[in-house]
Amino acid sequence: MRPVVVTVAITGSVARRADNPTVPITPAEQIESTHAAYEAGAALAHIHVRADDESPSLDPERFGRVQEGIRRHCPDMIVQFSTSGAGSDPEERGACLIHRPDMASLTTGSVNFGDGVYENPAASFTALGRRMRAEGVSPEIEVFDLTHLHNARRLVDEGVIGAAPHVQFVMGIRNALPPDPHLLDLLLAETRRLLPGATWGAFGIGRFQSPVMGWALARGAQGVRTGLEDNVRRSKERLADGNADLVRLAAEICAEHGARPATPAEARAILRLD
Ligand code: ZN
């Protein structure tokens with residue numbers, strides 16, 4: 001069976017304990033939840049940190065603690081920090097890069113996000129991209145809109161990022177890209193034209209998590225993403241019993257498409273890390 005990189009997005013910035021009591025908040029909880037997801041087959045952990053009151057945080061010290069714990073308990077797992085942070089300057093959003101994680105997310109443009117706007121002005125994502133390059137951190141380009149691919153191509157042309165990054169399509173955020181397989185085809189065609197050689201994955205929010213995963217696998221995605229950041233439910237009737245529960249579900253969907261979760265070593269080779 002074909003190995004596919006399973007990313008677990010353990011916490012995010014939206015879901016609260018009130019939505020699902022297993023959402024990990026403190027670094028210790030995040031490490032424990034990541035470890036369970038790793039044992040279930042996740043090879044890449046996508047990390048946001050929170051303050052103790054559950055509000056989103058950009059505290060580099062917390063990022064460092066989580067990375068240290070993952071490196072200790074989950075040998076070879078790929079650590080990816082989020083650099084999202086609505087309204088914050090790129091300096092603050094990139095402060096976590098001091099820990100030189102394997103990867104970091106890089107959103108190459110602004111987009112409507114629910115009732116708000118997720119702001120990523122060109123000067124901001126360019127500065128973040130440069131900081132990643134300086135620290136030797138591989139970017140994952142988060143694509144919420146077609147223009148984000150074109151902006152990524154510009155960063156390649158300017159030498160800010162490498163020519164074949166990992167691209168992640170985000171579907172199902174209200175007022176952003178709707179979850180639609182036709183749109184995924186369109187985005188993929190444009191990716192192949194603009195960033196030939198890029199690896200890619202796609203994920204859906206909420207109840208679209210499993211369908212988007214299926215569409216991505218059917219189209220040969222190198223990666224899929226799951227986790228409580230994107231969806232807190234196992235099914236309409238039942239909350240997910242932690243991140244590992246969602247990783248097990250992802251492994252089942254992979255199997256339906258002749259794929260299996262990649263080991264961390266395989267994932268590093270697929271994403272051309274190290
Ligand atoms: Zn995230």
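Residues are classed here as nonpolar (Ala, Val, Leu, Ile, Met, Phe, Trp, Tyr, Cys and Pro), charged (Asp, Glu, Lys and Arg) or polar (the others, Gly among them). The structure is a predicted model, in which local features need pLDDT of at least 70 and side-chain atom pairs count only at pLDDT 80 or more, while totals for chains, interfaces and linings use all residues. Residues are numbered from 1 along each chain as its sequence is written, and side-chain values use heavy atoms, with hydrogens and water left out.

Helices (H or I, at least four residues) and strands (E, at least two) are DSSP runs numbered from the N terminus. Helix α1 covers residues 27-39. Within α1, P27, Q30, I31, S33, T34, A37 and Y38 are buried, that is, under 20% relative accessible area with a 1.4 Å probe and protein chains only. These buried residues pack against β1, β2, β3, α2, α8 and α9. Just after α1, G41 has a positive phi of about 125°.

A nonpolar core is a set of buried Ala, Val, Leu, Ile, Met, Phe, Trp, Tyr and Cys residues joined through side-chain atoms within 4.5 Å. The largest such core has 60 residues, and I47, V167, F169 and W200 have the most contacts inside it. Helix α8 provides the largest share of this core, six residues. Apart from this core lies another, of ten residues, including V5, A43, I270 and L273.

Grid points are joined across faces, edges and corners, and a volume is the space filled by probe spheres set on the points. The largest cavity holds about 30 Å³ of space. Its lining consists of Q209, S210, M213, T226, L246, L249, A250 and I253, with the largest share, four residues, from α8. By class, this lining has five nonpolar, three polar and no charged residues.

The largest pocket has a volume of about 940 Å³. Among its 41 lining residues, S13, V14, F113, I173 and E229 are the closest to its centre. The lining of the largest pocket divides into 17 nonpolar, 17 polar and seven charged residues.

Note on methods:
Expected span 1.5 Å × (residues − 1). Buried < 20%, exposed > 50% of the residue type's maximum accessible area, 1.4 Å probe, protein only. Contact = heavy atoms within 4.5 Å. 1 Å grid on protein atoms, 1.4 Å probe; cavity = no way out; pocket = protein on both sides within 12 Å on 5 of 7 lines; lining within 4 Å.
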